[in-house]
Amino acid sequence: MTGGGEVALSNITMVYLKLISYIIYAVLLLGHTRAYTRISDESLRAIPGPGNEFDIKSGKLLAPVLRPRVPGTPGSTAVLNHFVDFFKTSLPKWKISFQNSTSKTPATGDSEIPFVNMIVSRDPTWTTPGEVSRLTLVAHYDSKLTPTDFIGATDSAAPCAMLMHTARSIDAALTKKWSAMQAEDIGVQGFLGIEEHKGIQIIFLDGEEAFLSWTDDDSLYGARSLAAEMESTSHAATSTYHNVISSISLFVLLDLLGEAQPKVPSYFQTTHWSYQKMAALYKRFRDLEVFTSTGGANWFPDVNKIAGPWMGGLIEDDHMPFMARGVEVLHLIPHPFPRVWHVMDDDGEHLDLDTVADWSLLVTAFAAEWLDLDGFLEAKNVGSNATSAQEAHGTRVAGRTEL
Ligand code: 1BN
Ligand code: ZN
(Lines give C-alpha, C1' and ligand atoms only; values in the text may rest on other atoms or scores of the structure.)
(Ligands and ions follow the chains in the order given, each with its own letter.)
Protein backbone atom coordinates (compact mmCIF):
# COMPACT_ATOMS: atom_id res chain seq x y z
CA MET A 1 0.00 0.00 0.00
CA THR A 2 1.22 3.54 -0.72
CA GLY A 3 0.80 6.09 2.07
CA GLY A 4 0.34 9.88 1.60
CA GLY A 5 3.93 10.55 2.79
CA GLU A 6 5.33 8.28 0.11
CA VAL A 7 3.23 10.02 -2.55
CA ALA A 8 4.57 13.43 -1.45
CA LEU A 9 8.13 12.08 -1.49
CA SER A 10 7.70 10.70 -4.98
CA ASN A 11 6.35 14.08 -6.15
CA ILE A 12 9.46 15.79 -4.81
CA THR A 13 11.58 13.10 -6.46
CA MET A 14 9.75 13.79 -9.71
CA VAL A 15 10.49 17.51 -9.44
CA TYR A 16 14.17 16.75 -8.79
CA LEU A 17 14.29 14.35 -11.71
CA LYS A 18 12.72 16.97 -13.97
CA LEU A 19 15.21 19.57 -12.74
CA ILE A 20 18.11 17.23 -13.40
CA SER A 21 16.81 16.45 -16.87
CA TYR A 22 16.53 20.20 -17.62
CA ILE A 23 20.13 20.68 -16.46
CA ILE A 24 21.32 17.78 -18.61
CA TYR A 25 19.40 19.22 -21.58
CA ALA A 26 20.89 22.68 -21.02
CA VAL A 27 24.40 21.23 -20.78
CA LEU A 28 23.86 19.22 -23.96
CA LEU A 29 22.55 22.31 -25.69
CA LEU A 30 25.63 24.22 -24.52
CA GLY A 31 27.77 21.44 -25.91
CA HIS A 32 25.92 21.68 -29.21
CA THR A 33 26.33 25.45 -29.37
CA ARG A 34 30.00 25.07 -28.59
CA ALA A 35 30.34 22.55 -31.37
CA TYR A 36 29.01 25.09 -33.90
CA THR A 37 30.79 28.28 -33.00
CA ARG A 38 30.87 31.32 -35.25
CA ILE A 39 33.95 31.27 -37.42
CA SER A 40 36.30 34.19 -36.76
CA ASP A 41 37.06 37.05 -39.15
CA GLU A 42 40.68 35.85 -39.22
CA SER A 43 39.56 32.44 -40.44
CA LEU A 44 37.30 33.99 -43.08
CA ARG A 45 40.27 36.00 -44.31
CA ALA A 46 42.48 32.92 -44.28
CA ILE A 47 40.27 30.95 -46.66
CA PRO A 48 42.19 30.72 -49.91
CA GLY A 49 40.70 32.04 -53.10
CA PRO A 50 41.04 29.98 -56.27
CA GLY A 51 43.60 32.31 -57.87
CA ASN A 52 43.82 31.44 -61.56
CA GLU A 53 42.56 27.89 -61.07
CA PHE A 54 39.10 28.86 -62.25
CA ASP A 55 40.53 30.21 -65.49
CA ILE A 56 38.19 28.85 -68.16
CA LYS A 57 40.97 27.91 -70.61
CA SER A 58 43.89 26.83 -68.45
CA GLY A 59 42.63 26.69 -64.86
CA LYS A 60 43.44 23.42 -63.13
CA LEU A 61 40.02 22.98 -61.54
CA LEU A 62 37.37 24.40 -63.84
CA ALA A 63 38.73 24.20 -67.40
CA PRO A 64 38.63 20.37 -67.64
CA VAL A 65 34.94 20.38 -66.64
CA LEU A 66 33.95 22.90 -69.33
CA ARG A 67 33.17 20.39 -72.05
CA PRO A 68 30.12 18.35 -73.03
CA ARG A 69 29.75 15.50 -70.53
CA VAL A 70 26.56 13.66 -71.38
CA PRO A 71 26.23 10.40 -69.39
CA GLY A 72 27.86 7.45 -71.08
CA THR A 73 30.02 9.56 -73.43
CA PRO A 74 33.81 10.01 -73.44
CA GLY A 75 33.35 13.58 -72.16
CA SER A 76 31.66 12.25 -69.04
CA THR A 77 34.47 9.75 -68.41
CA ALA A 78 37.10 12.44 -68.94
CA VAL A 79 35.49 14.73 -66.37
CA LEU A 80 35.13 11.90 -63.89
CA ASN A 81 38.82 11.09 -64.38
CA HIS A 82 39.63 14.74 -63.76
CA PHE A 83 37.88 14.51 -60.36
CA VAL A 84 39.65 11.23 -59.58
CA ASP A 85 43.07 12.61 -60.53
CA PHE A 86 42.48 15.71 -58.46
CA PHE A 87 41.52 13.83 -55.31
CA LYS A 88 44.13 11.09 -55.72
CA THR A 89 46.92 13.56 -56.37
CA SER A 90 46.04 16.58 -54.24
CA LEU A 91 43.79 15.14 -51.53
CA PRO A 92 44.86 11.55 -50.86
CA LYS A 93 43.19 11.43 -47.45
CA TRP A 94 39.74 11.61 -49.06
CA LYS A 95 38.06 8.26 -49.61
CA ILE A 96 36.77 7.88 -53.16
CA SER A 97 33.84 5.69 -54.09
CA PHE A 98 31.51 5.31 -57.05
CA GLN A 99 27.90 4.30 -57.30
CA ASN A 100 26.82 2.86 -60.63
CA SER A 101 23.51 2.29 -62.31
CA THR A 102 22.13 2.02 -65.81
CA SER A 103 18.86 3.07 -67.37
CA LYS A 104 17.18 3.39 -70.70
CA THR A 105 16.21 6.93 -71.59
CA PRO A 106 13.48 8.25 -73.94
CA ALA A 107 16.17 9.59 -76.27
CA THR A 108 18.44 6.57 -76.51
CA GLY A 109 16.17 3.65 -77.39
CA ASP A 110 17.00 0.23 -76.02
CA SER A 111 20.55 0.90 -74.94
CA GLU A 112 21.30 1.01 -71.23
CA ILE A 113 23.03 4.29 -70.42
CA PRO A 114 25.54 4.10 -67.55
CA PHE A 115 25.34 6.64 -64.72
CA VAL A 116 28.29 7.02 -62.36
CA ASN A 117 28.06 9.04 -59.16
CA MET A 118 31.30 9.86 -57.39
CA ILE A 119 31.44 10.28 -53.62
CA VAL A 120 34.51 11.60 -51.81
CA SER A 121 34.57 11.79 -48.06
CA ARG A 122 36.61 12.42 -44.95
CA ASP A 123 35.54 11.19 -41.52
CA PRO A 124 37.25 11.80 -38.18
CA THR A 125 39.95 9.16 -37.79
CA TRP A 126 38.39 7.54 -34.72
CA THR A 127 34.85 7.09 -36.05
CA THR A 128 33.15 4.01 -37.40
CA PRO A 129 30.72 4.31 -40.34
CA GLY A 130 27.49 4.18 -38.34
CA GLU A 131 28.69 6.80 -35.87
CA VAL A 132 29.48 9.71 -38.15
CA SER A 133 27.17 12.28 -39.70
CA ARG A 134 28.36 14.02 -42.80
CA LEU A 135 27.83 17.48 -44.16
CA THR A 136 27.05 16.60 -47.76
CA LEU A 137 27.92 19.05 -50.53
CA VAL A 138 26.46 18.15 -53.89
CA ALA A 139 26.54 19.21 -57.55
CA HIS A 140 25.75 17.38 -60.76
CA TYR A 141 28.53 16.93 -63.28
CA ASP A 142 26.56 15.70 -66.30
CA SER A 143 25.61 18.11 -69.06
CA LYS A 144 22.44 18.19 -71.11
CA LEU A 145 22.21 16.18 -74.33
CA THR A 146 20.60 19.10 -76.15
CA PRO A 147 21.40 21.56 -77.57
CA THR A 148 24.31 19.68 -79.17
CA ASP A 149 27.67 20.57 -77.59
CA PHE A 150 25.98 22.27 -74.66
CA ILE A 151 28.59 23.04 -71.97
CA GLY A 152 26.51 23.88 -68.91
CA ALA A 153 28.99 26.19 -67.19
CA THR A 154 26.59 27.25 -64.44
CA ASP A 155 24.77 23.93 -64.90
CA SER A 156 26.85 22.63 -63.10
CA ALA A 157 30.51 22.78 -64.14
CA ALA A 158 31.22 25.82 -61.96
CA PRO A 159 29.51 24.33 -58.86
CA CYS A 160 31.66 21.18 -59.29
CA ALA A 161 34.82 23.30 -59.37
CA MET A 162 33.63 25.22 -56.29
CA LEU A 163 33.30 21.95 -54.38
CA MET A 164 36.78 20.82 -55.44
CA HIS A 165 38.10 24.11 -54.13
CA THR A 166 36.23 23.67 -50.85
CA ALA A 167 37.67 20.18 -50.32
CA ARG A 168 41.17 21.43 -50.95
CA SER A 169 40.76 24.47 -48.73
CA ILE A 170 39.65 22.59 -45.62
CA ASP A 171 41.79 19.47 -46.02
CA ALA A 172 44.80 20.51 -43.93
CA ALA A 173 42.58 22.04 -41.25
CA LEU A 174 40.63 18.78 -40.92
CA THR A 175 43.86 16.85 -40.47
CA LYS A 176 45.12 19.30 -37.84
CA LYS A 177 41.86 19.45 -35.94
CA TRP A 178 41.35 15.71 -35.84
CA SER A 179 44.97 15.01 -34.84
CA ALA A 180 44.70 17.56 -32.05
CA MET A 181 41.46 16.00 -30.85
CA GLN A 182 42.84 12.51 -30.98
CA ALA A 183 45.98 13.60 -29.13
CA GLU A 184 43.74 14.82 -26.33
CA ASP A 185 41.49 11.76 -26.59
CA ILE A 186 38.52 14.10 -27.01
CA GLY A 187 37.13 12.47 -30.07
CA VAL A 188 37.18 9.00 -28.59
CA GLN A 189 35.96 9.59 -25.08
CA GLY A 190 35.34 13.28 -24.63
CA PHE A 191 32.14 14.80 -23.33
CA LEU A 192 31.16 16.18 -26.72
CA GLY A 193 30.79 12.61 -27.90
CA ILE A 194 28.55 12.31 -30.91
CA GLU A 195 28.61 16.07 -31.47
CA GLU A 196 32.16 15.73 -32.67
CA HIS A 197 31.53 12.82 -34.97
CA LYS A 198 31.20 15.14 -37.91
CA GLY A 199 32.56 14.27 -41.31
CA ILE A 200 32.11 15.65 -44.79
CA GLN A 201 31.30 14.18 -48.16
CA ILE A 202 31.12 15.69 -51.60
CA ILE A 203 28.92 14.05 -54.18
CA PHE A 204 29.31 14.60 -57.90
CA LEU A 205 26.05 13.33 -59.34
CA ASP A 206 25.50 12.02 -62.84
CA GLY A 207 22.32 12.11 -64.92
CA GLU A 208 20.53 15.07 -63.43
CA GLU A 209 19.37 16.38 -66.78
CA ALA A 210 16.48 15.04 -68.81
CA PHE A 211 17.45 13.41 -72.09
CA LEU A 212 14.21 14.44 -73.81
CA SER A 213 12.05 16.51 -71.50
CA TRP A 214 11.82 16.64 -67.73
CA THR A 215 9.58 13.96 -66.19
CA ASP A 216 9.87 11.81 -63.06
CA ASP A 217 11.42 9.04 -65.18
CA ASP A 218 13.51 11.22 -67.47
CA SER A 219 15.61 13.17 -64.93
CA LEU A 220 17.64 12.69 -61.76
CA TYR A 221 18.95 9.28 -62.90
CA GLY A 222 22.02 9.34 -60.67
CA ALA A 223 20.33 10.90 -57.64
CA ARG A 224 17.40 8.44 -57.72
CA SER A 225 19.73 5.46 -57.81
CA LEU A 226 22.10 6.79 -55.14
CA ALA A 227 19.36 7.79 -52.69
CA ALA A 228 17.75 4.34 -52.99
CA GLU A 229 21.07 2.57 -52.50
CA MET A 230 22.04 4.74 -49.53
CA GLU A 231 18.69 4.00 -47.92
CA SER A 232 19.05 0.27 -48.35
CA THR A 233 22.65 0.17 -47.12
CA SER A 234 22.40 -0.47 -43.39
CA HIS A 235 24.91 0.14 -40.65
CA ALA A 236 25.26 -2.19 -37.67
CA ALA A 237 22.01 -2.56 -35.73
CA THR A 238 23.49 -0.77 -32.72
CA SER A 239 24.60 2.23 -34.80
CA THR A 240 23.53 5.79 -34.15
CA TYR A 241 22.82 6.23 -37.86
CA HIS A 242 21.02 3.16 -39.10
CA ASN A 243 21.76 3.49 -42.78
CA VAL A 244 23.97 5.51 -45.08
CA ILE A 245 21.32 8.05 -46.02
CA SER A 246 20.55 8.88 -42.38
CA SER A 247 24.24 9.75 -41.94
CA ILE A 248 23.63 12.89 -44.02
CA SER A 249 23.37 15.78 -41.58
CA LEU A 250 22.58 18.36 -44.25
CA PHE A 251 22.40 17.99 -48.04
CA VAL A 252 23.64 21.23 -49.59
CA LEU A 253 22.86 21.26 -53.30
CA LEU A 254 24.62 23.77 -55.55
CA ASP A 255 23.09 24.33 -58.98
CA LEU A 256 23.02 27.04 -61.65
CA LEU A 257 25.64 29.17 -59.88
CA GLY A 258 28.11 31.42 -61.65
CA GLU A 259 26.06 34.29 -63.00
CA ALA A 260 26.60 37.69 -61.40
CA GLN A 261 24.15 38.93 -58.78
CA PRO A 262 22.24 35.71 -58.07
CA LYS A 263 19.20 35.74 -55.82
CA VAL A 264 18.80 32.52 -53.87
CA PRO A 265 15.49 32.09 -52.02
CA SER A 266 15.10 30.04 -48.86
CA TYR A 267 13.15 27.03 -50.06
CA PHE A 268 12.58 24.96 -46.93
CA GLN A 269 11.25 25.82 -43.52
CA THR A 270 13.22 23.13 -41.68
CA THR A 271 16.58 24.31 -43.01
CA HIS A 272 15.92 28.03 -42.97
CA TRP A 273 18.38 28.23 -40.07
CA SER A 274 21.16 26.91 -42.33
CA TYR A 275 20.15 29.38 -45.07
CA GLN A 276 20.54 32.12 -42.46
CA LYS A 277 24.00 30.77 -41.51
CA MET A 278 25.01 30.96 -45.17
CA ALA A 279 23.51 34.43 -45.50
CA ALA A 280 25.35 35.63 -42.39
CA LEU A 281 28.67 34.45 -43.82
CA TYR A 282 27.83 36.16 -47.11
CA LYS A 283 27.25 39.47 -45.29
CA ARG A 284 30.47 39.12 -43.30
CA PHE A 285 32.51 38.49 -46.46
CA ARG A 286 30.95 41.59 -48.01
CA ASP A 287 31.53 43.69 -44.87
CA LEU A 288 35.14 42.50 -44.68
CA GLU A 289 35.50 43.49 -48.34
CA VAL A 290 36.89 40.08 -49.12
CA PHE A 291 34.46 39.34 -51.94
CA THR A 292 35.58 40.57 -55.33
CA SER A 293 32.28 40.29 -57.19
CA THR A 294 30.15 43.37 -57.68
CA GLY A 295 27.88 43.95 -54.71
CA GLY A 296 24.35 45.20 -55.09
CA ALA A 297 21.38 43.15 -54.03
CA ASN A 298 21.82 40.54 -51.31
CA TRP A 299 22.32 37.03 -52.73
CA PHE A 300 20.10 35.79 -49.87
CA PRO A 301 16.98 37.97 -49.99
CA ASP A 302 15.01 35.82 -47.52
CA VAL A 303 17.55 36.11 -44.71
CA ASN A 304 15.38 38.19 -42.42
CA LYS A 305 12.18 36.28 -42.99
CA ILE A 306 10.84 34.06 -40.26
CA ALA A 307 10.67 30.43 -41.36
CA GLY A 308 7.08 29.74 -42.25
CA PRO A 309 4.53 28.77 -44.83
CA TRP A 310 5.64 31.55 -47.20
CA MET A 311 8.38 29.19 -48.34
CA GLY A 312 7.73 27.12 -51.35
CA GLY A 313 8.33 27.41 -55.03
CA LEU A 314 9.90 23.98 -54.86
CA ILE A 315 12.31 23.49 -57.75
CA GLU A 316 12.75 19.89 -58.85
CA ASP A 317 16.37 18.93 -58.66
CA ASP A 318 18.78 16.31 -57.33
CA HIS A 319 17.66 16.79 -53.73
CA MET A 320 14.20 15.33 -54.42
CA PRO A 321 14.95 11.60 -53.97
CA PHE A 322 16.89 12.41 -50.78
CA MET A 323 14.24 14.73 -49.37
CA ALA A 324 11.60 12.09 -50.02
CA ARG A 325 13.61 9.88 -47.64
CA GLY A 326 13.75 12.47 -44.87
CA VAL A 327 17.07 14.18 -45.62
CA GLU A 328 17.38 17.86 -44.65
CA VAL A 329 18.18 20.02 -47.69
CA LEU A 330 19.64 23.44 -48.33
CA HIS A 331 19.07 24.19 -52.01
CA LEU A 332 21.44 26.81 -53.38
CA ILE A 333 19.81 27.53 -56.72
CA PRO A 334 18.98 31.08 -57.79
CA HIS A 335 15.54 32.23 -58.71
CA PRO A 336 15.19 33.49 -61.37
CA PHE A 337 17.51 31.05 -63.12
CA PRO A 338 20.53 32.44 -64.96
CA ARG A 339 19.71 34.20 -68.24
CA VAL A 340 21.70 31.49 -70.07
CA TRP A 341 19.79 28.55 -68.58
CA HIS A 342 19.74 25.58 -70.98
CA VAL A 343 20.98 27.60 -73.96
CA MET A 344 24.35 27.53 -75.72
CA ASP A 345 25.48 30.69 -73.97
CA ASP A 346 25.84 28.75 -70.73
CA ASP A 347 29.56 28.45 -71.38
CA GLY A 348 32.82 29.55 -69.77
CA GLU A 349 32.77 32.96 -71.43
CA HIS A 350 29.44 33.83 -69.82
CA LEU A 351 30.48 32.95 -66.29
CA ASP A 352 31.16 35.78 -63.90
CA LEU A 353 34.43 34.46 -62.49
CA ASP A 354 34.44 36.81 -59.50
CA THR A 355 31.04 35.43 -58.55
CA VAL A 356 32.30 31.87 -59.02
CA ALA A 357 35.29 32.62 -56.79
CA ASP A 358 33.10 34.24 -54.14
CA TRP A 359 30.75 31.25 -54.09
CA SER A 360 33.75 28.99 -53.53
CA LEU A 361 34.82 31.10 -50.53
CA LEU A 362 31.30 31.13 -49.16
CA VAL A 363 30.74 27.39 -49.42
CA THR A 364 34.18 26.78 -47.92
CA ALA A 365 33.40 29.09 -45.00
CA PHE A 366 30.08 27.32 -44.44
CA ALA A 367 31.83 23.94 -44.36
CA ALA A 368 34.62 25.26 -42.13
CA GLU A 369 32.10 26.68 -39.67
CA TRP A 370 30.03 23.48 -39.74
CA LEU A 371 33.12 21.42 -38.99
CA ASP A 372 34.43 23.83 -36.35
CA LEU A 373 37.71 24.50 -38.10
CA ASP A 374 38.23 27.90 -36.54
CA GLY A 375 41.85 28.16 -35.48
CA PHE A 376 42.94 25.39 -37.84
CA LEU A 377 42.76 27.21 -41.18
CA GLU A 378 46.11 28.43 -42.35
CA ALA A 379 46.52 31.52 -44.47
CA LYS A 380 48.59 29.79 -47.07
CA ASN A 381 48.20 28.99 -50.70
CA VAL A 382 46.60 25.67 -51.43
CA GLY A 383 46.72 25.77 -55.22
CA SER A 384 49.49 26.62 -57.65
CA ASN A 385 48.44 30.24 -57.83
CA ALA A 386 45.74 30.33 -55.21
CA THR A 387 45.65 33.28 -52.88
CA SER A 388 44.02 33.71 -49.51
CA ALA A 389 40.79 35.63 -49.65
CA GLN A 390 42.46 38.64 -48.17
CA GLU A 391 45.46 38.52 -50.50
CA ALA A 392 43.08 38.38 -53.42
CA HIS A 393 41.74 41.67 -52.24
CA GLY A 394 45.22 43.11 -51.69
CA THR A 395 44.83 43.96 -48.01
CA ARG A 396 46.33 40.96 -46.31
CA VAL A 397 48.16 41.57 -43.06
CA ALA A 398 51.85 41.19 -43.86
CA GLY A 399 53.71 38.28 -42.34
CA ARG A 400 50.78 36.35 -40.88
CA THR A 401 50.83 32.74 -41.90
CA GLU A 402 48.87 31.04 -39.17
CA LEU A 403 45.95 31.98 -37.02
C1 1BN B 1 18.40 22.55 -62.90
C2 1BN B 1 19.41 22.69 -63.75
N3 1BN B 1 17.55 21.68 -63.44
C4 1BN B 1 18.04 21.31 -64.61
N5 1BN B 1 19.19 21.92 -64.81
C6 1BN B 1 16.34 21.22 -62.83
C7 1BN B 1 15.11 21.78 -63.43
C8 1BN B 1 14.61 21.26 -64.60
C9 1BN B 1 14.47 22.82 -62.83
C10 1BN B 1 13.45 21.79 -65.16
C11 1BN B 1 13.32 23.36 -63.39
C12 1BN B 1 12.81 22.84 -64.56
ZN1 ZN C 1 20.19 21.94 -66.49
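Which residue of β2 stands opposite I96? Select I96 and then V120, for V120 is the residue opposite I96. Residues are numbered from 1 along each chain as its sequence is written, while chains are lettered from A and ligands numbered from 1 in the order in which they are written. The model is predicted, so local features need pLDDT of at least 70 and side-chain atom pairs count only at pLDDT 80 or more, whereas totals for chains, interfaces and linings use all residues.

**The whole chain**

Display the complete chain, which has 10 helices and six strands. Helices (H or I, at least four residues) and strands (E, at least two) are DSSP runs, numbered from the N terminus. Of the 403 residues in the chain, 44% are buried. A residue is buried if 20 or more other C-beta atoms lie within 10 Å of its own, exposed if 12 or fewer, and partly exposed in between, with C-beta atoms placed from the backbone.

**Strand β2 and its partners**

Select residues 113–122, strand β2; eight of its 10 residues are buried, so the strand is largely enclosed by the rest of the structure. Two strands pair if DSSP finds at least two bridges between them. Next, select residues 198–205, strand β4, which pairs with β2 in the antiparallel sense over five bridges. Here I119 has I203 as its bridge partner, and R122 has I200.

**The sheet**

Now show the six strands together: they form an open sheet in the order β1-β2-β4-β3-β5-β6, with mixed pairing. β1 and β6 (329–332) stand at the edges, each with a single partner strand, so one side of each has no neighbour in the sheet. From one strand to the next, the twist averages 20°.

**A helix on the sheet**

Select residues 153–183, helix α4, which packs on the sheet and touches β2, β3 (133–140), β4 and β5 (248–254). Contact requires that the C-beta atoms of two residues, placed from the backbone, lie within 7 Å. The direction of α4 makes about 150° with that of β3. Axes are lines fitted to C-alpha atoms, for helices over the stretch in contact, and angles run from 0 to 180 degrees between N-to-C directions.

**The ligand**

Finally, select ligand 1 together with D155, E209, W214, D255, L256, I315, E316 and D317, the residues around it. Each has its C-beta atom, placed from the backbone, within 6 Å of the ligand.
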